[in-house]
Amino acid sequence: GLFTDMPRSQKIDHFSTQRLMNNKFSPDSRIFTGQYNAKLKNNEWFSYFDIFQFDNITGRVSNRILIPGFVPSTAALWFEFSPNSRFLYAFETDNRSSPVSRRVVQYDLSVWDSAAIHNSRVILHQSTVQLAYEAIRGMQLGPDGKIYIFGSSDISLSVIESPNIKGTGCNFR
């Protein structure tokens with residue numbers, strides 16, 4: 001199962017709370033993601049999000065993988081795929097840090113395995129000031145092939161210039 005490769009501190013018996021829907025299909029229509037879930041256990045929130053393989057002929061989803069937060073109270077809240085559908089970008093918050101830490105991260109989906117995807121995570125940006133949770137309204141792949149991160153009170157956009165490139169070479173600004 002998903003959590004057999006995770007440290008004992010991250011193994012969870014079950015989850016029950018669906019917290020946010022941010023459903024996205026990959027540009028090649030083969031992957032579906034976006035369900036963020038959380039469960040309170042031992043006074044700490046544990047979270048995960050789902051990804052599925054999608055058959056765009058039958059409309060069926062299959063081969064569910066759950067990607068857990070890296071520590072309790074870490075939640076991936078907004079998602080977008082790279083134009084080539086290999087990478088999944090997420091905006092996440094870590095509510096255990098003070099002040100709350102916000103990150104933009106990248107996952108490599110080229111190997112359909114929970115541990116491989118979980119371990120591929122690269123932090124592209126981390127801040128306690130920019131990209132405030134309350135202001136983020138989404139991540140969107142633009143017609144120019146760049147991913148834009150926008151909010152309700154921002155006067156500028158953040159951008160991932162080359163989202164088909166692995167790691168920090170994708171050029172988050």
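From the N terminus onward, the elements of the chain follow the order β-β-β-β-β-β-β-α-β-β-β-β, which amounts to one helix and eleven strands. Here helices (H or I, at least four residues) and strands (E, at least two) are DSSP runs, numbered from the N terminus. The model is predicted, so local features were required to have pLDDT of at least 70 and side-chain atom pairs pLDDT 80 or more, while totals for chains, interfaces and linings use all residues. Residues are numbered from 1 along each chain as its sequence is written, and side-chain values use heavy atoms, with hydrogens and water left out.

Turning to the chain as a whole, 49% of its 173 residues count as buried, that is, under 20% relative accessible area, with exposed meaning over 50% and partly exposed the range in between (1.4 Å probe, protein chains only). Of the contacts (heavy atoms within 4.5 Å) between residues at least 6 apart in sequence, 42% join residues at least 24 apart.

Five aromatic pairs are found in the whole structure, where rings of Phe, Tyr and Trp (its six-membered ring) pair if their centres lie within 6.5 Å, and planes under 30 degrees apart count as stacked, over 60 as edge-to-face and the rest as tilted. One of them joins Phe25 and Phe32 in a tilted arrangement, with 4.8 Å from centre to centre and 45° between the planes. Phe25 is partly exposed at a relative accessible area of 44%, whereas Phe32 is buried at 18%. Another pair, Phe49 with Tyr107, is edge-to-face, at 5.6 Å centre to centre and 70° between the planes. Because Phe49 lies in strand β3 (residues 44-54) and Tyr107 in strand β7 (residues 101-108), this pair ties together parts that are 58 residues apart in sequence. Both Phe49 and Tyr107 are buried. Ring pairs also link Phe25, Phe32, Phe52 and Phe54 into a cluster.

Lys24 belongs to strand β1 (residues 17-25) and counts as buried, with 13% relative accessibility. Its side chain reaches the backbone oxygen of Met139 at 3.1 Å. The side chains of Lys24 and Gln140 are joined by a polar contact of 3.5 Å (a pair of N or O atoms within 3.5 Å; within protein, one must be able to donate a hydrogen and the other to accept it, and residues adjacent in sequence count only if both atoms are side-chain atoms). Leaving aside residues up to four places away in sequence, Lys24 touches several residues, including Ile31, Phe32, Phe79 and Phe81.
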